[in-house]
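Subject: Structure for your review

Dear colleague,

Please find below the structure that I am handing over to you.

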Number of protein chains: 2
Amino acid sequence: MTTPSPLAPARLPDLPPIAGVTLGAARCGIRYQGRRDLMVALLEPGTTVAGVFTRSLTAGAPVEWCRQCLPRGKARAIVVNSGNANVFTGRAGREVVQQTAEALAKLAGCHPREVYIASTGVIGEPPPGDKILAGLVQAAKAASATGWLEAAQAIMTTDTFPKLATARAEIDGVPVTINGFTKGSGMIAPDMATMLAYLFTDAAIPARALQELLKASNERSFNSLTIDGDTSTSDTVLLAATGAAKHKRVTRAGEPRLRDFRRALDRVMVDLAQQIARDGEGAEKFVTIEVSGAASARAARRVGLVVANSPLVKTAIAAGDANWGRLVMAVGKAGEKADRDRLAVSVGGVRIAEKGGPVPGYDEAPVARHMAGREIRIALDLGVGRGRWTVWTCDLTHRYIDINGSYRS
Amino acid sequence: MTTPSPLAPARLPDLPPIAGVTLGAARCGIRYQGRRDLMVALLEPGTTVAGVFTRSLTAGAPVEWCRQCLPRGKARAIVVNSGNANVFTGRAGREVVQQTAEALAKLAGCHPREVYIASTGVIGEPPPGDKILAGLVQAAKAASATGWLEAAQAIMTTDTFPKLATARAEIDGVPVTINGFTKGSGMIAPDMATMLAYLFTDAAIPARALQELLKASNERSFNSLTIDGDTSTSDTVLLAATGAAKHKRVTRAGEPRLRDFRRALDRVMVDLAQQIARDGEGAEKFVTIEVSGAASARAARRVGLVVANSPLVKTAIAAGDANWGRLVMAVGKAGEKADRDRLAVSVGGVRIAEKGGPVPGYDEAPVARHMAGREIRIALDLGVGRGRWTVWTCDLTHRYIDINGSYRS
């Protein structure tokens, strides 16, 4: 195991059981030896599912499979392996996906198209189908209502800590639970920056509404996160709802009685997204960028992500330098409506530039202290509208180069 | 001075005089001590001018000034200082620009709007107007027909070598010359990644046609270049044509008799753009990415630039790793039409992946030798159309972090 990120949470959360969900993990030796590298989630009949996937046009065979399953809106099993991404693997890769779905469908007593699959790891190597097929039998046999941590560990690649979150909500006064776990980009082995996230709830929500809820929360969480601007060929976020909770069945995502659920889903997904930034490759600092005064929320997010992806901004943060000139540069290149003379820049809550220039005589001491810390807060007010958005990232350090410059073999 | 980039050219080209152009440089101590940091180019009456500028929405005062001058299409003087960018400097910055233009106009005997200005260096510090005004008198006094190298040195910031290029062409059988010099992003001091380029010719070309010629060549040269995807607030490319050559006056950019001139202009600008990549911050390898088979030339360029900007691709190249999985990833995220199963990847002239997977048993030895060298050649055929483009970049090394993570003070 590698040293955990200095930004790792002090303790892992305990995830309660969710009625209708069991999870198991196995050690298959796909690439990593002696650690869990495959997880299976089994879902009770009637479970609805929603999913969002990578926008990459060179997506892997498992993503293609899941996209074909999604219109059914039903899931009975999820299987994820780490160590091999099954991307750019041609016919061999597609066959492993087919065989995996059929084998798990047999165990779960369902249609193969109710089995969701993801793979994360090296690109371009044929996946070891025999190991995966043996592993999923073992993992399904081991499945229990308390298998959350083992499942979260099994999907890790270069992550330095498992990432879990949980929240409760009420629908019509009936308590429901949302659990989730995710993986991000960690360190050492390259080609392994895929983001996967799995969310489970006992709420009873039909697939169409579930999809809307997932998409909305996904915009505010995983789509507001960037480590290096590179998009994986395998990114997958799934939300499964078993319907075991005894509230009146939901029909639409916009119903007022879902307000608490929506907030809880946001909370879990934002928590998981932030954990990914905290475990970004080589991360030494966790960075929150709040953009306000943009022409629209969409514009605010775009500006935030451009700033968060700027190598010049990220290296300055790594050095503890409140380099607002680079923030101005990054806002300028985002291509969204901005006005140099209305832009205001704050770092750690201190306004340092506004009205086209630095704030005369601003107090540098608290800003320097803030920049020396682990949690960096940047606020950019564009002064042209009312759109606002928050994005998260990490700094760009030497370890990023070490991690991604190491040879594959 | 810093150690020159390992990719610096073995010798600097000798630039011949261009009738109607004189250049001078001065040491003003704006930021750098004991080196040239201001240059003036004086242009004979009748000189036409074309310009392209940063797309940044937070551009500096000098860029705003030049944009206002351009519709006249005439230039009599250019002044550039290094060490201070005059960006985000409010009213003080605008006043220095006005004073600079007026002072140089007096010396050159022209209208202030025929004086083009650029500044490159630290953002957000008021420019030292007195030093600049004193320096431009000195530089104008020193101006000579042979001042090319000194002018190229004066605009350097973190560059490790001056960047010059020259070419000859014929218009109607009359020889004309094109000279140019540029600066890019070098090392050590941050906030100094502005790209400036100045081109001069004795050809007689009206401003409107000159602008078209410059824009077209600019697309194929400086706009096909990326170091880190960050756009400066001050990027400027100017082309001045003195009209001293005795060919029949040109009317349109598309005239067949300009073919040779267009080629020569391309040659000079591509040469200068490549020199910038060779002096990219921390560069150890010069990278050429040839994209073919795209839906359009525009799509090919976008894919090329996305690949060239990918930190995962750039760190792999730094490590000498022909990591084609990351190339596939970067093509996928570019958002242009692509097909995983038609994509072909070659490195150093060897086809290593095609038809959705690695080429079985391809010879790795020549690829490994190629990746260990200084000049990396990547070819990506998307297999969906006939669009092609070539872009240049450099690798991403520890020195980039060192350079950009150093404190400003």
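Predicted model: local features only at pLDDT ≥ 70, side-chain atom pairs only at ≥ 80, totals over all residues.

**The six-stranded sheet of chain A**

Chain A contains an open sheet of 6 strands, arranged in the order 13-12-11-14-10-15, and its pairing is mixed. Its edges are formed by strand 13 (357-358) and strand 15 (387-394) of chain A, each of which pairs on one side only. Helix 6 (residues 259-278) of chain A packs on this sheet, where it touches strand 10 (286-294) and strand 15 of chain A. The direction of helix 6 makes about 45° with that of strand 15 of chain A.

Within the sheet, strand 11 (residues 344-347) of chain A pairs with strand 12 (residues 350-354) of chain A in the antiparallel sense, over 3 bridges. One residue pair to look for there is V345(A) with its bridge partner A353(A), which lies in strand 12 of chain A.

**Strand 11 and its partners in chain B**

In chain B, strand 11 (residues 344-347) and strand 12 (residues 350-354) pair in the antiparallel sense over 3 bridges. Here V345(B) stands opposite A353(B) of strand 12 of chain B. The two strands form a hairpin with 2 residues between them, and G348(B) in the turn has a positive phi of about 60°.

Strand 11 of chain B also pairs with strand 14 (residues 375-381) of chain B, in the antiparallel sense and over 4 bridges. In that pairing, A344(B) has D381(B) of strand 14 of chain B as its bridge partner.

A308(A) belongs to helix 7 (residues 297-309) of chain A. Is A308(A) buried or exposed? With 27 other C-beta atoms within 10 Å, A308(A) is buried, because a residue counts as buried if 20 or more such atoms lie within that distance. Leaving aside residues up to four places away in sequence, A308(A) touches T226(A), V287(A), I289(A), V391(A) and T393(A). A308(A) and C394(A) are 86 residues apart in sequence, yet their C-alpha atoms are 8.0 Å apart in space.

Helix 8 (residues 311-318) of chain A is largely enclosed by the rest of the structure, because 8 of its 8 residues are buried. Among these buried residues are L312(A), V313(A), I317(A) and also K314(A). What do the buried residues of helix 8 pack against? In chain A they pack against strand 10, helix 7, helix 9 (324-333) and strand 14 (375-381), and in chain B against helix 11 (398-405). Helix 8 of chain A is followed by G320(A), whose phi is positive, near 70°.

**The four-stranded sheet of chain B**

Chain B has an open sheet of 4 strands in the order 1-2-4-5, with mixed pairing. Strand 1 (21-26) and strand 5 (115-122) of chain B are the edge strands, and each pairs on one side only. On average, neighbouring strands of this sheet are turned by 10° against each other, direction ignored. Strand 4 (residues 77-84) of chain B pairs with strand 5 of chain B in the parallel sense over 8 bridges. In this pairing, V80(B) stands opposite A118(B) of strand 5 of chain B.

**Helix pairs in chain B**

Two packed helices are described by the angle between their axes and the distance between the axes. The axes of helix 1 (residues 61-69) and helix 2 (residues 90-108) of chain B come within 9 Å and cross at roughly 50°. These two helices of chain B are therefore oblique to each other, and their crossing is right-handed. In the contact, A61(B), P62(B) and W65(B) of helix 1 meet G93(B), R94(B), V97(B) and A101(B) of helix 2. By class, this contact has 5 nonpolar, 1 polar and 1 charged residues.

Helix 2 of chain B also meets helix 3 (residues 129-142) of chain B, and their axes come within 10 Å and cross at roughly 20°. Helix 2 and helix 3 of chain B are therefore roughly parallel to each other, and their crossing is right-handed. Residues of helix 2 in this contact include V96(B), A103(B), L104(B) and L107(B), while those of helix 3 include I132(B), L133(B), L136(B) and V137(B). By class, the contact has 9 nonpolar, 3 polar and no charged residues.

Yours sincerely

Conventions: Residues numbered from 1 in each chain as written. Chains lettered and ligands numbered in written order. Pairing = 2+ DSSP bridges. Contact = placed C-beta atoms within 7 Å. Axes fitted to C-alpha atoms, helices over the stretch in contact; angles between N-to-C directions. Parallel < 35°, antiparallel > 145°, perpendicular 65-115°, else oblique. Left-handed = near helix turned anticlockwise from the far one by under 90°. Nonpolar A, V, L, I, M, F, W, Y, C, P; charged D, E, K, R; others polar. Buried ≥ 20, exposed ≤ 12 C-beta atoms within 10 Å, placed from the backbone.
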